[in-house]
Amino acid sequence: MTPTTTARSLPGSGDERRHLIVAIVNNKPGVLNRVASLMRARNFNIESLAVSVTERSDTSRMTLTIVGDEVHVEQAAKQLYKLIDVLKVQDVTDESIVEHEFALIKVRATKRSRPEIVSVAEMHRAKVVDLGDEAVIVEAVGEPAEIDALVELLREFGIKELVRTGSVVMSRGSGSIEEQVKR
Amino acid sequence: MTQAGHVPGAGSEAASASERARRDMLRDTRVTTRGGSRRRIGADALCEAILRQGSDTIWGYPGGVILPLYDVLADHPDLRHILVRHEQAAAHAADGYARASGKVGVCLGTSGPGATNLVTGIGTAMLDSVPLVAITGNVPNALIGKDAFQEIDRTGITLPMTKHNYLVRTADEIPYVVAEAFHLARSGRPGPVHVDITKDALMGETSAAHPSAAEIEAGLPGYRPKIDGHPRQIKLLAEAIAGAKRPVILAGHGVLIAGAERELLELARAAQIPITWTLLGIGVVDETDPLAYGYMGMHGWKHVNRAIQSADLLIGIGMRFDDRVTGNVRTYAPKAKIAHIDIDPAEIGKNVVADLPIVGDAKNVLDALLPLVTKVDPAARAEYFAELATWRAESEGSSWHGSGGFRDGVLSADFVVERIAAGSAFDANLTADVGQNQMWVARYGGFRRANSHLSSGGLGTMGFALPGAMGAAVAVPNKVSWAIAGDGGFQMTLQELATIVQERIPVKIALMDNKKLGMIRQWQEIVYAGNYHSEQLAGPDYLKLCDAYGLPSWRVSKPEEVDAAVAAALAADGPALIWFEIAERQNVYPMMPAGKGLSDLIDKWGDDGEDVTEGASGPRVDPTDPQSGGPK
């Protein structure tokens, strides 16, 4: 009558990795707060978040990176969808995408180290946008891993200040998440 | 000294606006000329908008910035305003009104404390998916963010516990926002919506027209609740049902919200499936129906939990497999394939893995499913139903009530609940409080009608019964409305006795007084090894209390007095209270300690002595176990 029953498995595989979520939202006051509050209340940790207006002035685009297994992240996307001001949510992690991040790095410099910093920057397709006697500012655009590598190299000169925007992504080809938004 | 005096940034546009606003706060701002013609202001538009949505009652409490509304209320005589004694009760009453009638409940408070007092009621409605529109007044626009008198970030507070919320700054926005708020509150998975309106918006003149339902829907591109289930999934469910030998239906609040009781019963009859229900699903089926099997979960009937644990197909409809339903998920329904129907996609796969997920409205999904269901001959299930009947007889017979504990002269709570239900011809609305009384109502209420059981299931809000029953009484005047509260919950909102007397709201109150926080005492006895603290609860002489409020009341301490008191309370014109002095140490059994599974029920009937335990893991629970939650 009672064969050995295996325990019911809990939702989620436990295989955690970084996911990229794109959300198209109404461009209204308070929407960022709604998204941030939801993620906090539901115990999702946002690693990075980039927000800007889209091609249409009435919508904004958010790019969130969240670490979790597939069920955890799917739950985050579903909860986001429940917000009235969220028009479209897509997990683009496994899609063919361009993922870029922007960084400004203020590096400690001397007359002697300056040329070296400039060449490190150039090797990484980064630009020096401010050249001072004691510091230079390097501007970098690229995949997060590329920026990580550049930051690592610049660290030996001494980084005084670092700012990164978090990833923004766009799918390759002609597809458009914005065009998929039902209006 | 110049004219600018001490005004910060004097001369700027913003500075003069806040100066004007401060002045206006204190000035006589009356706009009406009763009986004569006058301007239509935002407050008028608000009243019109509420009435257009089919709600006829506001539960509210006035205060400074909301006074422009009270200035015009008398000009909208179809809208009944009921003055409560505390805003929390306004929200619960609006909630009870909504649960009992299906209409959207409306509650109202002023800025600051008016709004924060509403919060518990808004949260209660959120967790139980109750359609509610909460309206608050806000300080004038120019004073927002200035820490003005009674100013606090209301929309920030309600944001995580509403389906949506609004800050309305102009009178012209009011018709549209209020219509949209009602639409959001009642459609899809219902919930509370908060509309915060500045004083200038309430007072501003407006000619803004009310939008049509179509305009509202078109204006919400981000909100398209999925109503119809996926045809392929529905077909798979029909196949799963055809192949099942021991199917069980687990019906929740979503069935009642969708109004799918008839479709549910048709499914159960066609495929011969017993119906079990969650706390908020009580009333999905007449409990005397042969296919109605019972209430499950932490304090559910043992036979019902047993049926779930032995099922090969568990069909959850309009429910969310919360922790009071499943206990330990790993050992939950171990042999069953789980089919999960819910309108909220986020509920699917949240707490349990659904083998067969269907997103959609319960009624639409069942309508689509029924034609595909293979009819099952009751004879083919004879063995299954015979076993279920045996289990049922065992479990009902072993309850204290079933064993006739009341015949020994002890006033047991289950007996009282049963006599109240029977004395009201099983046709009353019963509003429970939270704690042991809530479980006794759920187990012994004998419900026969949809939406006749009101209970704060999700948030578990003590103090819900009296204001909730008040709302039900006003919403459904042709049904008796009982508030069944423990002495703990009753003392949290008993100020509403004044409201039911003043407004002549015929709530019948059953006060289940064990002079304890009973569920706390039960947990301390079972989970905390008898280390009692703060479970003793003194109360007033409730007869004197009722006298003071002008309410007829009776005191009952023996089983044989119950029926007469119930009859007398029902015969009383208007509100009444019965003070039941119940057994002080009766526990709610069975009990599934949190973190344990449905097969690990503690089962003991009686008022004293040792616990008898069943199941492998015994009754003692590690209070430090994070899974253990706490008392309900």
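Which handedness does the crossing of H17(B) and H18(B) have? The crossing of H17(B) and H18(B) is right-handed, where right-handed means that the near helix is turned clockwise from the far one by less than a right angle, and left-handed that it is turned anticlockwise. The model is predicted: local features need pLDDT of at least 70, side-chain atom pairs count only at pLDDT 80 or more, and totals for chains, interfaces and linings use all residues. Residues are numbered from 1 along each chain as its sequence is written, while chains are lettered from A and ligands numbered from 1 in the order in which they are written.

The C-alpha trace of chain B spans about 90 × 60 × 50 Å along its principal axes. A compact globule of 632 residues would have a radius of gyration near 26 Å, and the 26 Å of chain B agrees with that; the radius is taken over C-alpha atoms, and the globule rule is 2.2 Å times the number of residues to the power 0.38. Of the 632 residues of chain B, 56% count as buried. A residue is buried if 20 or more other C-beta atoms lie within 10 Å of its own, exposed if 12 or fewer, and partly exposed in between, with C-beta atoms placed from the backbone. Among the contacts in chain B with a separation of 6 or more, 76% join residues 24 or more positions apart; two residues are in contact if their C-beta atoms, placed from the backbone, lie within 7 Å.

Helix H18 of chain B covers residues 436-444, and nine of its nine residues are buried. Among them are Met439(B), Trp440(B), Arg443(B) and Tyr444(B). The buried residues of H18(B) pack against strands E9 (292-295), E13 (429-432), E15 (481-486) and E16 (507-513), and against helices H17 (413-423) and H22 (518-526), of chain B. After H18(B) comes Gly446(B), whose phi is positive, near 55°.

The pair named at the start can now be described further. The axes of H17(B) and H18(B) come within 9 Å and cross at roughly 50°; axes are lines fitted to C-alpha atoms, for helices over the stretch in contact, and angles run from 0 to 180 degrees between N-to-C directions. H17(B) and H18(B) are therefore oblique to each other, given that angles under 35 degrees count as roughly parallel, over 145 as roughly antiparallel, 65 to 115 as roughly perpendicular and the rest as oblique. From H17(B), Ala413(B), Asp414(B), Val417(B) and Glu418(B) meet Gln436(B), Asn437(B), Trp440(B), Val441(B), Arg443(B) and Tyr444(B) of H18(B). The residues of this contact divide into five nonpolar, two polar and three charged. Here Ala, Val, Leu, Ile, Met, Phe, Trp, Tyr, Cys and Pro count as nonpolar, Asp, Glu, Lys and Arg as charged, and the others, Gly among them, as polar.

The contact includes Ala90(B), Ala91(B) and Asp95(B) of H4(B), and Gly114(B), Leu118(B) and Ile122(B) of H5(B). Its residues divide into five nonpolar, seven polar and two charged.

Some backbone details lie in loops. Ala425(B), in the loop between H17 and E13 of chain B, has a positive phi near 55° although it is a residue other than glycine. Ala425(B) counts as exposed, with 10 C-beta neighbours inside 10 Å. Arg504(B) is in the loop between helix H21 (497-502) and E16 of chain B; its phi is positive, about 50°, and it is not a glycine. Arg504(B) is exposed, with 9 other C-beta atoms within 10 Å. The peptide bond from Tyr589(B) to Pro590(B) is cis, with omega near 0°, and Pro590(B) is found in the segment after strand E18 (576-581) of chain B.

The contact between the chains takes 23 residues from chain A and 20 residues from chain B. Helix H1 (31-41), helix H2 (70-82) and strand E4 (86-91) of chain A each supply at least two residues of the side that touches chain B. H2(A) gives the largest share of that side, five residues.

Technical notes: Helices (H or I, at least four residues) and strands (E, at least two) are DSSP runs, numbered from the N terminus.
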